[in-house]
Amino acid sequence: MSPSRGEIARAFAIVGERVGDAAAREALLDRAMGPKRKKKSSEKLRRGRRPSEGLAFVARDASGAVVGTVRLWDVRLGEGGPAALLLGPLAVEPGLKCGGIGSALMRHATVEAARLGHGAILLVGDAPYYGRFGFSADRTGALAMPGPYERHRLLALELKEGALDGAKGTIKAAGRKIKGQAPGFVA
């Protein structure tokens, strides 16, 4: 008898992303999100940048294959505004959705971001899903993405109380630039 989807999904580990994971991560993102993923406003903030130091994770199944991914990126909230993180994309192998991988990646990413001293995380996503991790649109009304997006989907989580006080303007990329490496490179 073969294991159910849930049984397969439980056999995973979350680890820091490695340079060798780039091709598997990109293929997973293509399967999970489709070709239009590279045209999203969030992608404009990530393009040509490296994820925030220590904040790129993959979920590996028992065989070591990449079955989930999440990365966080350094951003500034408006011109000269406070630093924050932008989460995304979060993706899970389509055949393993609803097995807890995405939730585990989210919890791991937020805990690590807090441990590293970051004040807030923003993302563009579905409030019913991300709300269970503490994200909401309550503190994002004065912020904007650098391109088309649905305002009600711009969500934030304060890791430090008051981190989003007075945050306003267009979110800007602030992370380390990729120099002389392929766009999928991770330090």
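Is Tyr 130 buried or exposed, and what is its relative accessible area? In this predicted model, Tyr 130 has a relative accessible area of 12%. Tyr 130 is therefore buried, since the cut-off for that class is under 20%. Phe 135 counts as buried too, because its relative accessibility is 3%.

Tyr 130 and Phe 135 are, together with Leu 87 and Met 106, the residues with the most contacts inside the largest nonpolar core, which has 23 residues. At least two residues of this core come from each of the strands β2 (56-61), β3 (66-77), β4 (83-87), β6 (120-124) and β8 (154-158), and likewise from the helix α4 (101-115). The biggest share is that of α4, with 5 residues. Apart from this core lies another one, of 15 residues, including Ala 120, Leu 122, Met 145 and Ala 167. As a general background, nonpolar side chains in soluble globular proteins tend to be buried together.

Across the whole structure, a search finds 3 aromatic pairs. One of them joins Tyr 130 and Phe 135 in an edge-to-face arrangement, with 6.3 Å from centre to centre and 75° between the planes.

Note on methods. Residues numbered from 1 in each chain as written. Predicted model: local features only at pLDDT ≥ 70, side-chain atom pairs only at ≥ 80, totals over all residues. Heavy atoms only, no water. Core = buried A, V, L, I, M, F, W, Y, C linked by side-chain atoms within 4.5 Å. Buried < 20%, exposed > 50% of the residue type's maximum accessible area, 1.4 Å probe, protein only. Helix = DSSP H or I, 4+ residues; strand = E, 2+ residues; numbered from the N terminus. Phe/Tyr/Trp six-rings, centres within 6.5 Å; stacked < 30°, edge-to-face > 60°.
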